[in-house]
Amino acid sequence: MAKMATREAYGNALAQLGEKYDFVVLDADLAAATKTGIFKKKYPERFFDCGIQEANMMGVAAGIATTGRIPVVSTFAMFAAGRAYEPIRNAIGYPHLNVKICATHAGITVGEDGATHQCNEDIALMRTIPGMTVICPADQAETAAALETALTTDGPFYIRLGRFAVPDVHGEDYRFTLGKSDLLRAGTDVTVVATGFMVHLALEAAEKLQESGVSARVIDMHTVKPLDRDALLAAAKETGAIVTAEEHSVIGGLGGAVSEAVAELCPVPVLKVGLNDTFGRSGNVPALLERYGLTSDQIVQKALAAIAMKRS
Amino acid sequence: MEKSKLSQLKKTATNVRIGIIESVHSAKSGHPGGSLSIADILTYLYFEEMHIDPADPKAPGRDRLVLSKGHAAPALYSVLAERGYLPKSDLLTLRKIDSYLQGHPDMKHTPGVDMTTGSLGLGISAACGMALSAKIGNEPYRTYAILGDGESEEGQVWEALMFASHYHLDNLCVILDWNGLQIDGPVEQVMNNTPYAEKFASFGYEVVSVDAHDFEQLEKAFAKARQTKGRPTAIIAKSVKGKGVSFMENQVGWHGAAPNDEQYEQAMAELTAALKA
């Protein structure tokens, strides 16, 4: 199975889509890491380095968008959603400007750089902004498709990308629909709703559950906002228990969004796999995933616990 | 400047000030001091300097104005009303529920407002984006941004100023409203960020210092900005906060307070007298 970091897929797609669409790219001194450097090499006249000034970069992007030109803005998630939250909220979100924020190095898979650079709060921050679309792609095909959708859909987008290579979960014939989740595996006992990096681990967990006779449905919830409520209602009704899996805090992210929706639509147990209200630390990615419980085994345990809850 | 033009500009600016007082009085809240200090600058921009058409407020080739010190919204709304973008009677709906005249400028719902502002430091960045976009598209429109002196304590302001200079945005003209006062007191006491001319010069700007209430100086400064190539221009405009209403002039307390009925009558009497002078 092919493996590629979603930031890499983003960089490739950006350079490719540059032929088809007339957008400009802004970065804050991280083009080599965010992979916007690939675009920069191909279209130097459409690339603008803002230096290390993320707040200003968001405001500049807003100004560009008011003139009818589309800016794609990249930096690390920590410095986009974190550092520049308020410019995004007030200068991009409030006037609903056509700015595409593609934030890389999201979550704990940043690895050795440690807690200051591991943004586990960005989904929560971005999805509270009215009108903001939030997408967290699981693999390269989804990343490219999400980017093209963002470029052709009016309004502010936040696309969350990772540093660490992930295996493909979709084939080449993949078709992305904004706000419509992908059913990756049918199941009847429990549903695992995963986003981004955790999607392939959700599939792995479903395999393990199958071995113990548990039928787990797996949903790839690439669009965290607007959330696919229909798929959640069906999952709650048909499987009666849900586990969410995300490389993000369990507070306010996918788990929060799913809990909010399920509580309104059809209350069933919802257990969450994610960062448990904690900061990360330095370490290699496998060690970090193990330490913070972002594993298929953890998903299996939560799935069994959720099933037990519905029986009690 | 011709005498008749000068007296017309003065008259228009006084009408803009009347609109500020009427709207803030009607709203029972708002920011009269920093609105009155930029009334002449906005009047010059909207009546002389900018290439705009009130009948087509979203024309792609128009000049842009970003009120980075967004709390001076009453001044912007008043000049827009004076220029014909909106009915003057709407000024009395300022800050009221269902009004399109929000406490701080909202580009989505107010004709003539080019950028949503209010959180200090954001507008100047957006102005840089507009100017950069004009450069990318090789379009001739110009972008003007009005900064507050207190606002310039925000770090983002200097990020943006650095950006404009780095990208040689000579189509950007920054006007610093140097009224010397902010909410907690004189700027020099709250967080001294002077000297301005030296700072802008060191950031690579063409710097012009003017009296913010002198139309002839403003005319020369904006002409200079238009002629300047290769770098942005900063007009350091020394102003009087509360200008035009005697009891508001240079008073910290009028940063964000509305006049009561008695004060309103006095302010209106002064401005009406100025109109007739």
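## The model

This is a predicted model, in which local features need pLDDT of at least 70, side-chain atom pairs count only at pLDDT 80 or more, and totals for chains, interfaces and linings use all residues. Residues are numbered from 1 along each chain as its sequence is written, while chains are lettered from A and ligands numbered from 1 in the order in which they are written.

## Where chain A meets chain B

The contact takes 23 residues from chain A and 21 residues from chain B. Two residues are in contact if their C-beta atoms, placed from the backbone, lie within 7 Å. On the chain A side, helix 4 (54-66) and helix 6 (85-93) each supply at least two residues. Helices (H or I, at least four residues) and strands (E, at least two) are DSSP runs, numbered from the N terminus.

Helix 4 of chain A gives the largest share of that side, 9 residues. By class, the chain A side has 12 nonpolar, 9 polar and 2 charged residues. Ala, Val, Leu, Ile, Met, Phe, Trp, Tyr, Cys and Pro count as nonpolar, Asp, Glu, Lys and Arg as charged, and the others, Gly among them, as polar.

## Two helices of chain A

Helix 4 and helix 6 of chain A also pack against each other, at an angle of about 10° and with axes 9 Å apart. Axes are lines fitted to C-alpha atoms, for helices over the stretch in contact, and angles run from 0 to 180 degrees between N-to-C directions. Helix 4 and helix 6 of chain A are therefore roughly parallel (angles under 35 degrees).

Helix 4 of chain A brings Ala55(A), Met58(A), Gly59(A), Ala61(A) and Ala62(A) to this contact, and helix 6 of chain A brings Pro87(A), Ile88(A), Ala91(A) and Ile92(A). The classes here are 8 nonpolar, 1 polar and no charged.

## Helix 9 of chain B

The buried residues of helix 9 (residues 215-227) of chain B are Phe215(B), Leu218(B), Ala221(B), Phe222(B) and Ala225(B). A residue is buried if 20 or more other C-beta atoms lie within 10 Å of its own, and exposed if 12 or fewer, with C-beta atoms placed from the backbone. On the other side of helix 9 of chain B, Ala223(B) and Gln227(B) are exposed.

The buried residues of helix 9 of chain B pack against helix 1 (3-27), helix 3 (39-49), strand 3 (172-178), strand 6 (206-211) and strand 7 (233-238) of chain B.

## Glu22(B)

Glu22(B) lies in helix 1 of chain B. Glu22(B) counts as buried because it has 21 C-beta neighbours inside 10 Å. Leaving aside neighbours within four places in sequence, Glu22(B) is in contact with Leu91(B) and Leu92(B).

Notes
The expected span of a helix is 1.5 Å times one less than its number of residues. Angles under 35 degrees count as roughly parallel, over 145 as roughly antiparallel, 65 to 115 as roughly perpendicular and the rest as oblique.
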